Amino acid sequence: MVEVCVKKSDSVRYLRNNAYICTMKAKLNPQHPMVLNSEKIKDDGIAVLRNVTMLPTGGEPFVAPDYVISIGHRGRMDLMYEDMQDISAPRVFAIIFPNHKIRCVSKTADFKTSLIVVDAKMIDDPLLQIIRQFQYRYESRPSVALGEHEYKVLMKMVDVMQETASLDIPDKRLLMLRLLESFLRLLGHYRHRILDDVKAGKQFCSQFQNAIAKHCHQHRDVGFYADLFCLTPKYFSNVIRQQTGHTAAYWLRQHVIAEAQTLLHDRPDLSIQQVAGLLGFDEQQAFSRYFKRETGLSPTEFREGK
């Protein structure tokens, strides 16, 4: 049996100070796990929610301020993700970045999923820079169906995360970050392998990401990467934007900043000038301008946690 939950209103109101963002006419379900645990998500940074059966707004468009990982267990929900069709079904993993609109089109009565909800502020933690580095993959196509083995392996990790979240220990936040990072890396490995087998376009983007990792310290101009693929810069940029929703220059900046934040956080023994040199900047001043333009903070302010 399928419940149709389409509503007429698609206008979305962005309420920056509220826990959740929904349509002007929609009402949040106070019993929904994301609503019940909104304070916990904010305080702990990461929460594992089981037995979720519907969006917090039912069939109305819903925009969460959080980073959400959905893991389908049973039944099916047909969705609209922005203007694209998507699904949640058994063994389907989806990663939704903050401020993307989702609407339920229909769902089966037995639908059930688990959610890993990460407060948006946590995405900037140096331990989770993998999120920024792989953002284009998930924003352009948030869902991937995995095999039974991959599903079981990842669910074991979810069980460990849920158990850790219930503990009252001083290092719980750090442990949760480490577990989530490992989960995302393994999910990324499975997803990369499957999507590379499915679509040539994704292969192209994956190769571009690898090229960035290899050459970004010496080359931060789009023309260099276009030459690697024997394409004109304009055509190359159009392909990347079509596949990912963002320009090639955007992903170059994201990767450089992610590496810079990791070095600034994890290597306090390095001076700002040394960090700049490792990233291929000839002058510390040029690196500082680049970093502040992208993050709003100077490298020193970021390192000091301001």
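A salt bridge is a side-chain nitrogen of Lys or Arg within 4 Å of a carboxyl oxygen of Asp or Glu. The model shown here is predicted, and it holds 9 salt bridges. One of them joins aspartate 44 to lysine 40, with the closest N and O atoms 2.8 Å apart. Both residues belong to helix H2 (residues 38-44), where they stand 4 residues apart, about one turn of the helix. Aspartate 44 is partly exposed, at 26% relative accessibility, and lysine 40 is partly exposed too, at 31%.

| Aspartate 44 | Lysine 40 | 2.8 Å |

In the remaining pair of the table, aspartate 269 is exposed, with 52% relative accessibility, while arginine 267 is partly exposed at 34%.

**The chain as a whole**

The chain has 306 residues, and 50% of them are buried. Its secondary structure comes to 13 helices and 11 strands. Of the contacts between residues at least 6 apart in sequence, 71% join residues at least 24 apart. The chain exposes about 15400 Å², and carbon and sulfur atoms supply 51% of that area.

**Aromatic rings**

How many aromatic pairs does the structure hold? There are 11. In one of them, tyrosine 250 and tryptophan 251 have ring centres 4.7 Å apart and planes at 80°, so the pair is edge-to-face. Both tyrosine 250 and tryptophan 251 are buried. The rings of phenylalanine 291 and phenylalanine 302 have their centres 5.7 Å apart and their planes at 70°, so this pair is edge-to-face as well. Phenylalanine 291 sits in helix H12 (residues 284-295) and phenylalanine 302 in helix H13 (residues 299-303), so the pair ties together parts that are 11 residues apart in sequence. Phenylalanine 291 and phenylalanine 302 are both buried.

Ring pairs link Phe281, Phe287, Tyr290, Phe291 and Phe302 into a cluster. Arginine 220 lies over the face of phenylalanine 281, 3.8 Å from the ring centre. Arginine 220 also lies over the face of tyrosine 290, at 6.0 Å from the ring centre.

Methionine 157 is in helix H5. Which residues does methionine 157 contact, leaving aside its neighbours within four places in sequence? They are Leu179, Ser182, Phe183 and Leu186.

Glutamine 254 is located in helix H10 (residues 248-266). Glutamine 254 is buried, with a relative accessible area of 18%, and it touches Arg132 and Gln135 when residues up to four places away in sequence are not counted.

Methionine 54, in the loop between S3 and strand S4 (62-63), is buried at 17% relative accessibility. Its C-alpha atom is separated by 9.5 Å from that of asparagine 29, 25 residues apart along the chain.

**Backbone and surface**

Most residues other than glycine have a negative phi. Asparagine 51, in strand S3 (residues 46-52), has a positive phi, near 55°. Asparagine 99 has a positive phi near 70°. Asparagine 99 lies in the loop between strand S8 (92-96) and strand S9 (101-108) and is partly exposed, with a relative accessible area of 42%.

Leu167, Ile169 and Leu175 make a nonpolar surface patch of about 210 Å². Leucine 167 is in the loop between helix H5 (148-165) and helix H6 (172-198). At 35% relative accessibility, leucine 167 is partly exposed.

Key. Residues are numbered from 1 along each chain as its sequence is written. Side-chain values use heavy atoms; hydrogens and water are left out. Patches are made of residues with over 30% relative accessible area and no salt bridge: like charges are joined within 9 Å, nonpolar side chains (Val, Leu, Ile, Met, Phe, Trp, Tyr) within 5 Å. Accessible areas come from the Shrake-Rupley method with a 1.4 Å probe; for residues, only the protein chains shown count as cover. Helices (H or I, at least four residues) and strands (E, at least two) are DSSP runs, numbered from the N terminus. Buried means under 20% relative accessible area, exposed over 50%, partly exposed in between (1.4 Å probe, protein chains only). Rings of Phe, Tyr and Trp (its six-membered ring) pair if their centres lie within 6.5 Å; planes under 30 degrees apart count as stacked, over 60 as edge-to-face and the rest as tilted. A charge sits over a ring if NZ of Lys or CZ of Arg is within 6 Å of the ring centre and within 35 degrees of the ring normal. Contact means heavy atoms within 4.5 Å.
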